[in-house]
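User: Please take a close look at the side-chain contacts of this model, in particular the salt bridges and the aromatic rings. A connected account would be appreciated.

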Amino acid sequence: MKTVVSLGDRRLVIVGTAHVSEKSVQEVEETINTENPDCICVELDEARYATISQEQEWRNLDIGKVLKQKKVVLMITNLVLHSFQRRLGKDIGVKPGAEMTAAIEMANSMGVPVELCDRDIQITFRRAWRRSGFWSRLKLLSALLASVFSTEKLGPDQVEKLKEIGTLHSMLDELSEYLPKVKNVLIDERDQYLSARIFNSSGARIVAVVGLGHVEGIKRWLASYEQKGIKASETDHLNQVPRRSIVSKMAPWSLPAVFVGLVGYGFLNAGAEMTIEKLLQWVLVNGSLAALGALVALGHPLTIIC
């Protein structure tokens, strides 16, 4: 879907796409050829661009580096989403993000600057996670896992149907009801962020390639910016990750605390001798099962012994 927006004396053409649609790739290419833009904006950040342009990136990950940089949730979420989009693209015959790649390749061949206008994906995921409650996090994780094990297949016609306005609004409404805070972070906040980056991009003729779900929100924000202007700090708050709550900080310590509490309770009520005996039994049972598991998995002898 193509939308033209006037920004004063500048012309902006927004191309709303589905990320695994052959027709979206064709529409992006045709629009760029027709418009001959001074700048091309794409709904990507540096990390997502690296993911779709460097297929081996996740296979060559240094797990130790990921742990040190505290990017485990980001890695898992990226792998799940990439797996889902790759399978969907394989069914249809289109590589995920092909329309974004096509836009960047055309920009490079034409000598036109490219703006990666999306927010850092790690900040997006962390904001969504931190702003979600316990049950919302469970829903989010279950939805991600369901996408991995789903056997449902979509054909090209079904993908194109997803680009219809009525279908799109229905999906966004459903997401808003199911995970309102996640929808706010993934869609609404990024509408504002993308709009600000697009508005501040250079050139008199601009083509912006974004997911179809962002088009209406971007149009609203651009109209606001055109009328009122935009300050440099307008979107700074969207790059801040909320602090962890006290409950969230204490959660990892809750199980050890319960265990220590139970041991202490047993010590006071059953006496030291009985408590030590039960602890030894617990260690023996768990240690034996762990050793058996390591043996079955053909682990190293030291691993089995320890």
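**Salt bridges and ring contacts**

R205 and E35 form a salt bridge in which the closest N and O atoms are 2.9 Å apart; the term denotes a side-chain nitrogen of Lys or Arg within 4 Å of a carboxyl oxygen of Asp or Glu. This pair links distant parts of the chain, with R205 in strand β5 (residues 205–211) and E35 in helix α1 (residues 22–35), 170 residues apart. Helices (H or I, at least four residues) and strands (E, at least two) are DSSP runs, numbered from the N terminus. R205 is partly exposed at 33% relative accessibility, whereas E35 is buried at 8%. Here buried means under 20% relative accessible area, exposed over 50%, and partly exposed in between (1.4 Å probe, protein chains only).

The model is predicted: local features need pLDDT of at least 70 and side-chain atom pairs count only at pLDDT 80 or more, while totals for chains, interfaces and linings use all residues. Residues are numbered from 1 along each chain as its sequence is written, and side-chain values use heavy atoms, with hydrogens and water left out.

By the salt-bridge rule the count comes to nine. Another of these joins E189 to R119, with the closest N and O atoms 2.8 Å apart. E189 lies in helix α10 (residues 180–199) and R119 in the loop between β4 (114–116) and α6 (121–131), so this contact ties together parts that are 70 residues apart in sequence. Both E189 and R119 are buried. They also belong to a network of salt bridges that links R119, R127, R131 and E189.

Helix α11 (residues 215–228) holds E216 and K219, three residues apart and thus separated by about one helical turn. Their side chains meet in a salt bridge of 3.7 Å, N to O. E216 is partly exposed at 33% relative accessibility, and K219 is partly exposed at 30%.

Rings of Phe, Tyr and Trp (its six-membered ring) pair if their centres lie within 6.5 Å; planes under 30 degrees apart count as stacked, over 60 as edge-to-face and the rest as tilted. The count comes to two aromatic pairs. W221 and Y225 form a tilted pair, 5.7 Å centre to centre with 35° between the planes. W221 is partly exposed at 28% relative accessible area, whereas Y225 is buried at 2% relative accessibility. Ring pairs link F199, W221 and Y225 into a cluster.
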